[in-house]
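Dear colleague,

Here is the structure I am handing over to you. My notes on it follow below.

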Amino acid sequence: MDKSKQLFRKSKRSFRRRLPPIGSGDRIDYRNMSLISRFISEQGKILSRRVNRLTLKQQRLITIAIKQARILSSLPFLNNEKQFERTESIARPTGPRSRNK
């Protein structure tokens, strides 16, 4: 076989195909919180279609379901748990301030 043809030959390695994240029996709905929560990041953002491995139609339905759940308050708009956490307090003087001139 010619060396130039060897480069373009497809490899015979088999790869394991990943299962789709949404099965045929799963219903995409704002009430299905176990399904919706898989497509939200830790900050509360909707994950992209490339990360989720969804079709365009599935991603649209997931996005609509997440937005409906947020409006109905069954899902928070943001996940602010770490924002209010303080690791150490800042020492501030308590008393009248003195000016140095």
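Among contacts (heavy atoms within 4.5 Å) between residues at least 6 apart in sequence, 49% join residues at least 24 apart. This is a predicted model, in which local features need pLDDT of at least 70 and side-chain atom pairs count only at pLDDT 80 or more, while totals for chains, interfaces and linings use all residues. Residues are numbered from 1 along each chain as its sequence is written, and side-chain values use heavy atoms, with hydrogens and water left out.

The protein has four helices and zero strands; helices (H or I, at least four residues) and strands (E, at least two) are DSSP runs, numbered from the N terminus. Of its 101 residues, 19% are buried, where buried means under 20% relative accessible area, exposed over 50% and partly exposed in between (1.4 Å probe, protein chains only).

H4 covers residues 56-71, 16 residues in total, and reaches 23 Å from its first C-alpha to its last, close to the expected 22 Å (1.5 Å times one less than its number of residues). Its buried residues are Gln59, Ile62, Thr63, Ala65, Ile66, Ala69 and Arg70. They lie on the same side of H4 because they cover an arc of only 165 degrees around the axis, taken from the directions from the helix axis to the C-beta atoms. Helix H2 (33-36) and helix H3 (49-52) are among what covers them. The face turned away from this buried side carries the exposed residues Lys57, Arg60 and Ile71. Just after H4, Ser73 has a positive phi of about 65 degrees.

Regards
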